[in-house]
Amino acid sequence: MLALSRRINESIMLGNDIEISILEIKGEQVKIGIKAPNSVPVYRKEIFLQIQEENKKAVASEQTKESIEQLFKL
Amino acid sequence: MLVKTRYFGEVDLDDDKVITFDSGIFGFEEYKRYALLFNSDAENRPTISWLQSIDEESLALPVMIPTVVMPEYNPIVEDELLKNLGEYDDNTLSVLVTVTVPKEIENMTVNLKAPIVINTATMKGSQVVVENADYEIKFPVFEILTGGKKGKEEI
């Protein structure tokens with residue numbers, strides 16, 4: 001992984017249209033600004049991982065098709 | 001084309017039923033081609049169907065129409081995120097949510113945070129993260145589906 005040191009109000013460019021800025025540093029917390037085209041989705045990583053995990057759980061269901069269908073016939 | 005599926009055996013699928021997810025879906029980014037399969041014995045198209053990968057037999061997710069469990073479901077999605085679905089309007093967009101059914105069936109949930117959006121005009125699909133802060137990844141639905149209706153004991 002590339003590691004760059006930045007100070008407050010300094011930025012990093014990813015390509016020519018994504019800018020990551022350091023807005024505020026408070027103890028253990030850093031506030032980051034992200035300027036990117038609307039077509040680029042930005043996620044907090046933990047949300048991203050949770051959604052990946054949830055899809056995997058949905059695929060890994062041990063229930064049969066019939067028992068799932070039954071739930072929708074009530 | 002003949003497709004091996006997890007729940008429906010081998011099915012003969014018309015090419016125009018193939019839905020392309022250019023970015024795949026979360027956790028399965030490498031699989032891009034899917035079909036929606038459901039039990040055709042039912043009189044009407046059932047609420048529950050399966051998003052089956054064309055290229056991997058074991059990859060199938062149960063998906064359902066979200067308004068059955070949340071009539072007011074109204075996901076907010078950045079328009080730009082839907083651009084790769086091609087031209088669409090309200091009539092051609094279909095929104096589904098994935099259903100997770102664990103061993104303890106009463107703990108079943110749907111993912112309201114990351115619905116599957118399909119443009120039936122172009123047969124392109126995408127799983128998007130919605131901006132609604134209160135939509136949960138694990139929204140419990142067992143009570144809603146079974147609550148107050150007879151037949152609950154049968155499960």
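What percentage of the 74 residues in chain A is made up of buried residues? In this predicted model, buried residues make up 23% of that chain. The legends below walk through some close-up views.

**View 1. Chain A from end to end.** Start with the parts list: chain A has 2 helices and 3 strands. If you follow the sequence along, they come in the pattern β-β-β-α-α. The radius of gyration of chain A is 21 Å, well over the 11 Å that the globule rule gives for 74 residues, so this chain is more spread out than a compact globule.

**View 2. A hairpin in chain A.** Here strand 1 (residues 11–14) and strand 2 (residues 18–26) of chain A pair up in the antiparallel sense, over 4 bridges. Look for A:Ile12, which stands opposite A:Ile20 in strand 2 of chain A. The two strands form a hairpin with 3 residues between them. In the turn, A:Gly15 has a positive phi of about 65 degrees.

View 3. A:Asn9 has a phi near 70 degrees, a positive value in a residue other than glycine. You'll find A:Asn9 in the segment before strand 1 of chain A. A:Asn9 counts as exposed because its relative accessibility is 64%, and the cut-off for exposed is over 50%. Over in chain B, B:Met123 also isn't glycine, and its phi is positive too, near 55 degrees. B:Met123 sits in the loop between strand 9 (116–119) and strand 10 (124–127) of chain B.

View 4. Over all chains, the structure holds 7 aromatic pairs. One of them is formed by A:Phe48 and B:Phe26, edge-to-face, with 5.5 Å centre to centre and 75 degrees between the planes. A:Phe48 lies in helix 1 (residues 45–59) of chain A and B:Phe26 in the loop between strand 3 (19–21) and strand 4 (33–37) of chain B, so the pair joins two chains.

**View 5. An aromatic pair within chain B.** B:Phe21 and B:Tyr34 also form an edge-to-face pair, at 5.2 Å centre to centre with 75 degrees between the planes. This pair links distant parts of the chain: B:Phe21 is in strand 3 of chain B, B:Tyr34 is in strand 4 of chain B, and they are 13 residues apart. Both B:Phe21 and B:Tyr34 are buried.

**View 6. The largest pocket.** This pocket has a volume of about 780 Å³. Its lining is made of 21 residues, and the ones nearest its centre are A:Ile34, A:Pro41, A:Val42, A:Tyr43 and A:Arg44. Which strand gives the largest share of the lining? That's strand 3 (residues 29–35) of chain A, with 4 residues. Sorted by class, the lining has 15 nonpolar, 1 polar and 5 charged residues.

How values were computed: Residues are numbered from 1 along each chain as its sequence is written. Chains are lettered from A and ligands numbered from 1 in the order in which they are written. This is a predicted model: local features need pLDDT of at least 70, side-chain atom pairs count only at pLDDT 80 or more; totals for chains, interfaces and linings use all residues. Side-chain values use heavy atoms; hydrogens and water are left out. On a 1 Å grid over the protein atoms alone, a cavity is a set of points where a 1.4 Å probe fits but cannot get out, and a pocket is an open set with protein on both sides within 12 Å along at least five of seven lines; lining residues have an atom within 4 Å of a point. Grid points are joined across faces, edges and corners, and a volume is the space filled by probe spheres set on the points. Ala, Val, Leu, Ile, Met, Phe, Trp, Tyr, Cys and Pro count as nonpolar, Asp, Glu, Lys and Arg as charged, and the others, Gly among them, as polar. Two strands pair if DSSP finds at least two bridges between them. Rings of Phe, Tyr and Trp (its six-membered ring) pair if their centres lie within 6.5 Å; planes under 30 degrees apart count as stacked, over 60 as edge-to-face and the rest as tilted. Buried means under 20% relative accessible area, exposed over 50%, partly exposed in between (1.4 Å probe, protein chains only). The radius of gyration is taken over C-alpha atoms; the globule rule is 2.2 Å times the number of residues to the power 0.38.
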